[in-house]
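Student: I have a model open and would like to learn how to read its features one by one. Could you walk me through it?

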Amino acid sequence: MGRMIFVNLPTADLATADKFYEALGFTKNPAFSDENATSWIIDENIFVMSLQQEFFSSFLVNGDKPGLGSGQREALNALSSETRDGVDEFVANAQAGGGSIYRPADEPFPGMYQAAVQDPDGHVWEISWMSPEALQSMEAPEG
């Protein structure tokens with residue numbers, strides 16, 4: 001089995017978070033979902049765990065607390081899109097699921113199109129697409 005990533009995010013309201021992740025087209029994994037947490041499959045080896053704030057706190061040590069509503073960011077969750085239109089679709093789905101635009105779509109350089117949305121708890125999800133030409137120009141030279 002290859003390496004996997006599990007993004008664990010606290011939520012103030014599990015049902016609201018579930019609506020958001022379902023709108024993004026992620027697949028709910030009922031085997032790891034209950035009244036404390038919902039597991040969402042993003043891709044074969046990428047998952048987001050939406051955890052009730054109290055349950056999330058049970059994993060923290062040293063007096064750490066969930067930062068919901070603090071206005072501080074420790075992470076920006078970034079996903080790639082297979083198409084440029086997929087970026088706009090992701091943003092529209094996020095808004096339909098109760099999220100909001102965090103950073104409007106832009107093209108910071110030719111061949112890269114990106115945007116960022118915020119889920120109902122304030123977690124930021126970036127989405128970006130790169131043209132094959134832009135990806136090729138980023139590849140490290142052999143040698």
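This is a predicted model: local features need pLDDT of at least 70, side-chain atom pairs count only at pLDDT 80 or more; totals for chains, interfaces and linings use all residues.

Student: How many helices and strands does the protein chain have, and what pattern does the protein chain follow?

Tutor: There are four helices and eight strands in the protein chain. Along the sequence they follow the pattern β-α-β-β-β-α-β-α-β-β-β-α. The C-alpha trace spans about 45 × 35 × 30 Å along its principal axes.

Student: Now accessibility: does Trp40 count as buried or exposed?

Tutor: The general idea is a pair of cut-offs: buried means under 20% relative accessible area, exposed over 50%, and partly exposed in between (1.4 Å probe, protein chains only). Trp40, in strand 3, is buried because its relative accessible area is 3%. Tyr102 counts as partly exposed at 36%. Across the 143 residues of the protein chain, 38% count as buried.

Student: How many salt bridges does the structure hold?

Tutor: Side chains of opposite charge can pair when their charged atoms come close. The criterion here is a side-chain nitrogen of Lys or Arg within 4 Å of a carboxyl oxygen of Asp or Glu. The structure holds two such salt bridges. In one of them, the side chains of Arg84 and Glu107 meet at 3.4 Å, N to O. Arg84 lies in helix 3 and Glu107 in strand 6, so this pair ties together parts that are 23 residues apart in sequence. Arg84 is partly exposed at 34% relative accessibility, and Glu107 is partly exposed at 40%.

Student: Which residue forms a salt bridge with Arg103?

Tutor: The partner of Arg103 is Glu126, with the closest N and O atoms 3.0 Å apart. Since Arg103 lies in strand 6 and Glu126 in strand 8 (residues 124-130), the pair ties together parts that are 23 residues apart in sequence. Arg103 is partly exposed, with a relative accessible area of 25%, whereas Glu126 is buried at 19%.

Student: Let's turn to pockets. Which residues lie nearest the centre of the largest pocket?

Tutor: First, the rule: on a 1 Å grid over the protein atoms alone, a pocket is an open set of points where a 1.4 Å probe fits, with protein on both sides within 12 Å along at least five of seven lines, and lining residues have an atom within 4 Å of a point. Of the 23 residues lining the largest pocket, Pro10, Gly67, Gln72, Glu74 and His123 lie nearest its centre. The space in this pocket is about 590 Å³, where grid points are joined across faces, edges and corners and a volume is the space filled by probe spheres set on the points. Strand 1 (residues 5-11) gives the largest share of the lining, four residues.

Student: And what gives the most to the lining of the second largest pocket?

Tutor: Helix 3 does, with four residues. Strand 3 (37-43), strand 5 (77-80) and helix 3 (84-96) each supply at least two lining residues. The second largest pocket holds about 470 Å³ of space and has 18 lining residues, with Ser80, Ser81, Glu82, Phe90 and Ile127 nearest its centre.

Definitions and conventions. Residues are numbered from 1 along each chain as its sequence is written. Side-chain values use heavy atoms; hydrogens and water are left out.
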